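Subject: Structure handover

Hello,

I am passing on the structure we spoke about. Please open it beside this message and read the notes with it in view.

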Amino acid sequence: FGLSGRVAVVTGAGQGIGLASAEALCEAGAAVVLTDISMERAEAGRAALAAKGYTAEAAVIDIGDSASINAVADRLAASGRTADILVANAGIAHAGVPAEDLSDADWERMIGINLSGAFRSCRAFGKHMLAKGGGSIVTIGSMSGSIVNRPQQQVHYNAAKAGVHHLTRSLAAEWATRGVRVNSVAPTYIDTPLLTFAKEDKPMYEEWLDMTPMHRLGQPAEIASIVLFLASDASSLMTGSIVSADAGYTCW
Ligand code: NAD
């Protein structure tokens with residue numbers, strides 16, 4: 001997966017799947033920009049990679065704010081370092097809420113970050129990739145974008161991730177002849193800080209494991225390796241694919 005000479009931007013790279021993806025891209029030789037909602041978080045990611053011997057940059061991108069996304073995309077392009085790879089990873093989750101009790105604010109925040117944030121990121125970086133004539137975007141969807149996992153009451157999260165999957169296909173089709181590929185990884189439950197709320201609910205957590213054929217959570221590195229494949233030329237014929245990495249969850 002040689003990526004030397006490529007510039008890669010990862011959103012939500014301070015921890016979890018974003019940080020693991022940044023590490024995999026660094027390992028493959030890309031010049032990686034780790035971004036997160038605050039410089040403190042982005043720096044935490046950069047420092048974690050530095051401790052492993054990788055050199056990377058840190059920058060602020062709040063995917064809820066187009067201006068902050070555009071600023072990084074435009075700055076890189078203006079300095080002749082247009083991003084070749086975008087991992088649109090940043091996202092949020094929270095404990096289940098019955099659909100009938102979900103507030104407008106909670107609905108709009110979830111859609112605004114997880115779906116609109118992915119679109120804003122693809123738009124900002126995709127524009128420069130199109131102008132340059134090439135690029136690879138990897139979005140992070142979820143098995144929850146394809147199936148309704150129990151016993152969560154996550155109608156807003158599920159709808160947002162289904163939106164990410166179809167956003168991925170739609171952009172892929174629109175940009176296919178212009179050199180920009182767009183694919184998605186749809187993970188099962190991955191052992192990151194995002195799942196803290198779930199681990200605290202022991203019966204629910206046990207039910208999740210019982211419903212997972214492999215009977216375990218995934219590790220961030222197990223998603224990062226798929227991100228790396230999709231980001232690289234090894235997947236050159238793939239665009240609009242939603243790659244399932246779900247420990248067998250959707251087999252049952
Ligand atoms: P995480 O909570 O460990 O990390 C998410 C990162 O995103 C954090 O560093 C956070 O600061 C950042 N972030 C949050 N809001 C942001 C914003 N507005 N702008 C920029 N950055 C922001 O989460 P994770 O588990 O690593 O999840 C990463 C992605 O994978 C998310 O899109 C999530 O929905 C998806 N996903 C996670 C799981 C799982 O089980 N962990 C499963 C399927 C999909």
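Predicted model: local features only at pLDDT ≥ 70, side-chain atom pairs only at ≥ 80, totals over all residues.

The ligand sits in the largest pocket. Two elements, α1 (16–27) and α5 (155–175), each give two or more residues to the shell around the ligand. In total, 29 residues surround the ligand, and the closest are D36, R41, Y157, I190 and T192. Sorted by class, this shell holds 15 nonpolar, ten polar and four charged residues.

T192 has a polar side-chain atom 2.5 Å from an oxygen atom of the ligand. R41 also places a polar side-chain atom by an oxygen atom of the ligand, at 2.7 Å. With I63 the backbone is involved: one of its polar backbone atoms is 2.9 Å from a nitrogen atom of the ligand. On its own the ligand has 830 Å² of accessible area, and the protein covers 94% of that.

Two residues in helices

T168 belongs to helix α5, one of the elements named above for the shell around the ligand. T168 has a relative accessible area of 0%, so it is buried. Its side chain is joined to the side chain of T139 by a polar contact of 2.8 Å.

A71 is part of helix α3 (residues 66–78). Its relative accessible area is 46%, and therefore A71 is classed as partly exposed, the range between 20% and 50%. From A71 to V33 the separation is 38 residues in sequence, and 13 Å in space from C-alpha to C-alpha.

Most residues other than glycine have a negative phi. Two residues in this model are worth a look on that point.

H215 is not a glycine, yet it has a positive phi of about 55 degrees. Its place is the loop between α7 (202–210) and α8 (220–231). H215 counts as partly exposed because its relative accessibility is 41%.

A247 is not a glycine either, and its phi is positive at about 55 degrees. This residue is in the segment after β7 (242–245). Is A247 buried or exposed? A247 counts as buried, because its relative accessibility of 15% is under the 20% cut-off.

Regards

Technical notes. Residues numbered from 1 in each chain as written. Heavy atoms only, no water. Near = heavy atom within 4 Å. Polar contact = N/O pair within 3.5 Å; in protein donor to acceptor, adjacent residues only side chain to side chain. Areas by Shrake-Rupley, 256 points an atom, 1.4 Å probe, with all protein chains shown as cover. 1 Å grid on protein atoms, 1.4 Å probe; cavity = no way out; pocket = protein on both sides within 12 Å on 5 of 7 lines; lining within 4 Å. Sits in = over half its atoms within 2 Å of the grid points. Helix = DSSP H or I, 4+ residues; strand = E, 2+ residues; numbered from the N terminus. Nonpolar A, V, L, I, M, F, W, Y, C, P; charged D, E, K, R; others polar. Buried < 20%, exposed > 50% of the residue type's maximum accessible area, 1.4 Å probe, protein only.
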